[in-house]
Amino acid sequence: MNIILLGPPGAGKGTQASRLVEERGMVQLSTGDMLRAAVKAGTPVGLQAKAVMEAGELVSDAIVSALIGERLDSAGAHGGAIFDGYPRTQAQAEALDLLLDERGEKLDYVVELTVDEEALVDRITGRFTCATCGEGYHDRYKLPKVQDTCDVCGSHEFKRRPDDNAETVRTRMAEYRAKTAPILPFYETRGLVRRVDGMAPIAEVGAQIDAILDGAA
Ligand code: ADP
Ligand code: AMP
């Protein structure tokens with residue numbers, strides 16, 4: 001099963017993807033994570049992407065689609081892939097169709113997480129992750145069970161993204177509205193879109209997604 005998690009920054013895509021990875025053995029393909037790894041490693045792609053990401057704008061379609069293609073081949077995603085943060089433009093949506101087609105795969109669902117934009121600034125400015133394993137947390141909505149200790153790996157080191165500030169979030173939301181939301185009709189005409197209330201608590205959002213993947217919704 002191949003699914004896209006679609007929604008603005010902070011909608012909960014990464015949170016739900018990592019749960020699906022854990023519970024269903026699916027593979028998470030996050031272009032944001034791939035780009036951050038490239039920036040950290042100082043690769044040519046990373047050098048090109050760094051300033052664009054810090055400004056909250058979109059990296060070029062050619063770069064992200066190439067990253068996804070490489071990862072589809074190396075990740076062994078036959079148990080199912082979750083596209084998280086990709087596609088973000090019409091050109092990327094068309095590129096993804098081609099990439100899947102070439103590999104004899106297809107899309108099963110596009111799960112749209114619908115959220116109230118005002119809540120997103122709060123979600124994003126409160127977001128932090130484990131510096132060791134990448135598990136995601138939030139200052140109020142998802143704190144580690146033991147203070148300053150990662151639930152998953154026990155690390156005591158956490159980090160925050162440089163683009164997770166109120167000003168950049170506004171640009172990222174504007175990019176979503178202008179370039180990403182308009183790709184929904186492309187999938188709607190194919191009957192692939194399922195909507196989930198992304199404002200519900202994390203576990204409830206998960207249950208709604210499970211019902212879709214299990215064919216019960
Ligand atoms: P995205 O990957 O869509 O940018 P994340 O999954 O990283 O979003 O979620 C953004 C922040 O909001 C994280 O700190 C996460 O813990 C928190 N979060 C995710 N889903 C919910 C929810 N349903 N309710 C409250 N907080 C949430
Ligand atoms: P994310 O981790 O999905 O919030 O992405 C962080 C940043 O990486 C975005 O604000 C963009 O600058 C860049 N990015 C991630 N995925 C894409 C994509 N599919 N297309 C263009 N830019 C992307």
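The surroundings of the two ligands are described here in turn, from a predicted model.

Ligand 1 is surrounded by 18 residues. Gly14, Thr15, Arg127, Tyr137 and Ala200 are the closest. By class, this shell holds 9 nonpolar, 6 polar and 3 charged residues. Helix 1 (13-24), strand 6 (136-138) and helix 9 (202-213) each contribute at least two residues to the shell. Helix 1 gives the most, with 3 residues.

Polar contacts to ligand 1 involve both backbone and side-chain atoms. In the side chain of Thr15, an N or O atom lies 2.5 Å from an oxygen atom of ligand 1. A backbone N or O atom of Ala11 is 3.2 Å from an oxygen atom of ligand 1. Arg123 places a polar side-chain atom 3.4 Å from a nitrogen atom of the ligand. On its own, ligand 1 has 560 Å² of accessible area, and the protein covers 91% of that area.

Ligand 2 has 16 residues around it. The closest are Thr31, Arg36, Glu57, Gly85 and Gln92. The shell around ligand 2 comprises 6 nonpolar, 4 polar and 6 charged residues. Helix 2 (residues 31-41) supplies the largest share of this shell, 4 residues.

The accessible area of ligand 2 on its own is 480 Å², of which the protein covers 97%.

Terms used:
Residues are numbered from 1 along each chain as its sequence is written. Chains are lettered from A and ligands numbered from 1 in the order in which they are written. This is a predicted model: local features need pLDDT of at least 70, side-chain atom pairs count only at pLDDT 80 or more; totals for chains, interfaces and linings use all residues. Side-chain values use heavy atoms; hydrogens and water are left out. A residue is near a molecule or strand if one of its heavy atoms lies within 4 Å of it. Accessible areas come from the Shrake-Rupley method with a 1.4 Å probe; for residues, only the protein chains shown count as cover. Ala, Val, Leu, Ile, Met, Phe, Trp, Tyr, Cys and Pro count as nonpolar, Asp, Glu, Lys and Arg as charged, and the others, Gly among them, as polar. A polar contact is a pair of N or O atoms within 3.5 Å; within protein, one must be able to donate a hydrogen and the other to accept it, and residues adjacent in sequence count only if both atoms are side-chain atoms.
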